[in-house]
Amino acid sequence: MAGGNERNMRALKEVWKRAENSLCADCGKPDPDWASSTLGVFICLSCSGIHRNIPSISKVKSLRMDHWDDAQVQFLAKHGNAVTKAKYEAHIPIYYYQPTYNDCQVLREQWIRAKYERKEFTELGKHLPYSDGVKEGILWKRGRDNGQFLPRKFLLSEREGCLKYFTKQDAKEPKINVKIDVINATFQPEKTGNPNGLQITYLKDNKTRNIFVYHESGKEVVDWFNAIRSVQFHYLKVAFPIASDNEIKNRLTRNFLKEGYMEKTGPKQREAFKKRWFTLDHRRLMYFKDPLDAFAKGEVFVGSRENGYSVQKGLPSGTQGNFSWHYGITIVTPDREYLFTCETETDQLEWIKAFTSVINQAMTPQEYASKCLDAVSFPS
């Protein structure tokens with residue numbers, strides 16, 4: 001009996017160490033040490049918890065701690081990540097967001113359910129709820145003044161190329177009407193305090209505006225997210241007919257490079273430093289008094305190194321403004337220096353890394369145009 005167990009473990013390890021099984025089949029995390037005995041995929045601990053919530057589809061076991069019998073090992077050997085992905089991910093729309101292990105729970109759960117439970121990607125031409133070019137429904141939106149989430153009707157239209165929301169169900173005129181090409185959507189469960197919280201960001205008069213929404217159904221809010229990406233994709237296909245699908249895909253919704261609190265001072269660099277919430281959205285560095293503010297209090301364009309932008313650790317000698325945090329950062333631009341302080345050295349290094357990644361990238365023609373339009377900087 002012991003010999004049989006050892007033989008099984010050797011066979012299991014042989015399958016486990018195949019290159020195709022070196023990353024989690026669902027989120028891409030390295031070194032997965034769980035597997036589904038019914039689907040034949042190798043997955044990480046976090047994704048195994050999601051699989052465990054759909055027991056009619058997936059039975060999960062630890063590769064290190066659980067016993068695997070002959071039939072189960074043979075099943076894994078016959079399938080594995082490559083074979084199973086070829087079946088369940090055969091026809092994923094180019095615009096569909098495939099989450100990684102860095103993404104939030106609701107995105108990863110709905111990705112897993114879409115693949116294995118709803119089998120959304122197994123058949124070519126299958127109707128998908130986010131592919132119609134139009135979506136209408138209720139989302140709970142945070143009020144700008146009172147902070148309460150109230151039900152609001154939203155309408156997304158590919159034909160009109162816009163997203164609208166209405167304050168009343170029977171309202172004829174929308175509260176906002178935003179062109180689809182200036183919209184970004186990113187999940188913000190921690191910031192909103194809701195596991196299904198979504199931040200919709202758009203530009204108005206070249207200034208950033210935020211809307212915070214959620215839906216009680218994880219599937220519904222992820223469908224909204226992918227519907228926005230679908231409409232954006234088809235809009236950009238028309239606007240940029242010679243661009244490849246992958247080029248357009250890379251221009252769809254994006255996560256912020258970095259968010260968090262820093263302290264800032266004003267342009268004279270003698271004012272007291274004030275704690276503010278900062279968001280780095282590629283070349284836009286914005287700050288807010290509160291993370292859930294609808295409007296940025298100020299923002300600055302972060303250009304490239306070849307255009308005179310740089311980031312430095314620490315503050316200039318002789319900085320006069322009072323500050324309570326002591327890990328400084330200086331952003332140098334052709335016009336002025338921006339001074340910030342961080343609470344910890346870890347925060348400081350993470351912000352410097354994020355700024356450096358932007359500054360090291362060459363600017364596109366569109367970014368040059370954005371800079372010309374962007375006359376705003378941090379007020380005092």
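A crossing of two helices is left-handed if the near helix is turned anticlockwise from the far one by less than a right angle, and right-handed if clockwise. The model is predicted: local features need pLDDT of at least 70, side-chain atom pairs count only at pLDDT 80 or more, and totals for chains, interfaces and linings use all residues. Residues are numbered from 1 along each chain as its sequence is written, and side-chain values use heavy atoms, with hydrogens and water left out.

**Exercise 1. Describe how helix 2 passes helix 5****.**

Step 1. Find the elements. Helices (H or I, at least four residues) and strands (E, at least two) are DSSP runs, numbered from the N terminus. Helix 2 covers residues 45-52. Helix 5 covers residues 105-117.

Step 2. Take the axes. They are lines fitted to C-alpha atoms, for helices over the stretch in contact, and angles run from 0 to 180 degrees between N-to-C directions. The axes of helix 2 and helix 5 come within 10 Å and cross at roughly 55°.

Step 3. Name the angle. Under 35 degrees counts as roughly parallel, over 145 as roughly antiparallel, 65 to 115 as roughly perpendicular and the rest as oblique. Helix 2 and helix 5 are therefore oblique to each other.

Step 4. Helix 2 passes helix 5 in a right-handed crossing.

Step 5. List the contact (heavy atoms within 4.5 Å). Helix 2 brings Ser46, Cys47, Ile50 and His51, and helix 5 brings Gln105, Arg108, Glu109, Ile112 and Tyr116.

Step 6. Sort by class. Ala, Val, Leu, Ile, Met, Phe, Trp, Tyr, Cys and Pro count as nonpolar, Asp, Glu, Lys and Arg as charged, and the others, Gly among them, as polar. The contact of helix 2 with helix 5 has four nonpolar, three polar and two charged residues.

**Exercise 2. At what angle do helix 5 and helix 7 cross, and which residues touch****?**

Step 1. Helix 7 spans residues 218-239. The axes of helix 5 and helix 7 come within 10 Å and cross at roughly 90°. That makes helix 5 roughly perpendicular to helix 7.

Step 2. From helix 5, Val106, Leu107 and Gln110 take part in the contact. From helix 7 come Gly218, Lys219, Val221, Val222 and Phe225. The classes are five nonpolar, two polar and one charged.

**Exercise 3. Trace the open sheet with the order 7-6-5-4-10-9-8****.**

Step 1. Note the pairing. Two strands pair if DSSP finds at least two bridges between them. This sheet has seven strands with antiparallel pairing.

Step 2. Find the edges. Strand 7 (176-179) and strand 8 (183-187) each have a single partner strand, so one side of each is left without a neighbour in the sheet. Neighbouring strands are turned by 35° against each other on average, direction ignored.

Step 3. Follow strand 4 to strand 5. Strand 4 (134-142) and strand 5 (149-157) pair over nine bridges. Glu136 stands opposite Leu155 in strand 5. Their hairpin has six residues between the strands, and Gly147 there takes a positive phi near 75°.

Step 4. Go on to strand 6 (162-166). Strand 5 and strand 6 pair over five bridges. Leu156 has Leu163 as its bridge partner in strand 6. Four residues lie between these strands, and Gly161 in the turn has a positive phi of about 65°.

Step 5. Finish at strand 7. Four bridges join strand 6 to strand 7, which run antiparallel. Tyr165 stands opposite Ile176 in strand 7.
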